[in-house]
Amino acid sequence: MPRYEYRCRTCGDTFELSRPMAESAAPAACPAGHDDTVKLLSTVAVAGTASAPAPAPRAGGGGGGCCGGSCCG
């Protein structure tokens, strides 16, 4: 279930709620009981150790994409 971050306009507290996406726009009261809250735009951080394979060299030399001159004629 997604977590959404909210900020209370009354007390300034920031808090998170886990709720279904269908309820993401529903009003949320802060833990202190205030109803004047706003949903914050959150960024997603993804961490991992997997890496993409290196691209294979192109036929005909070059090997730097446009920066290497192979596609700029």
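Modeller: The chain has 0 helices and 3 strands, and from the N terminus on its elements run β-β-β. Helices (H or I, at least four residues) and strands (E, at least two) are DSSP runs, numbered from the N terminus. This is a predicted model, where local features need pLDDT of at least 70 and side-chain atom pairs count only at pLDDT 80 or more, while totals for chains, interfaces and linings use all residues. Residues are numbered from 1 along each chain as its sequence is written, and side-chain values use heavy atoms, with hydrogens and water left out.

Now to the sheet. The 3 strands form an open, antiparallel sheet in the order β2-β1-β3; two strands pair if DSSP finds at least two bridges between them. Because β2 (14–18) and β3 (37–39) each have a single partner strand, they stand at the edges, and one side of each is left without a neighbour in the sheet. From one strand to the next, the twist averages 35°, with axes being lines fitted to C-alpha atoms and angles running from 0 to 180 degrees between N-to-C directions. Strand β1 (residues 3–8) is joined to β3 by 3 bridges, and the two run antiparallel. Cys8 stands opposite Thr37 in β3.

At 17% relative accessibility, Thr37 counts as buried (buried means under 20% relative accessible area, exposed over 50%, partly exposed in between, with a 1.4 Å probe and protein chains only). Its side chain reaches the backbone oxygen of Ala28 at 2.4 Å. Leaving aside neighbours within four places in sequence, Thr37 is in contact (heavy atoms within 4.5 Å) with Arg7, Cys8, Arg9, Phe15, Ala28, Ala29 and Cys30.

Rings of Phe, Tyr and Trp (its six-membered ring) pair if their centres lie within 6.5 Å; planes under 30 degrees apart count as stacked, over 60 as edge-to-face and the rest as tilted. By this rule the count is 1 aromatic pair. The rings of Tyr6 and Phe15 have centres 5.6 Å apart and planes at 20°, so the pair is stacked. Tyr6 is buried, with a relative accessible area of 2%, and Phe15 is buried too, at 9%.

Stepping back to the whole chain, buried residues make up 12% of its 73 residues. Among contacts between residues at least 6 apart in sequence, 27% join residues at least 24 apart.

Note on methods: A polar contact is a pair of N or O atoms within 3.5 Å; within protein, one must be able to donate a hydrogen and the other to accept it, and residues adjacent in sequence count only if both atoms are side-chain atoms.
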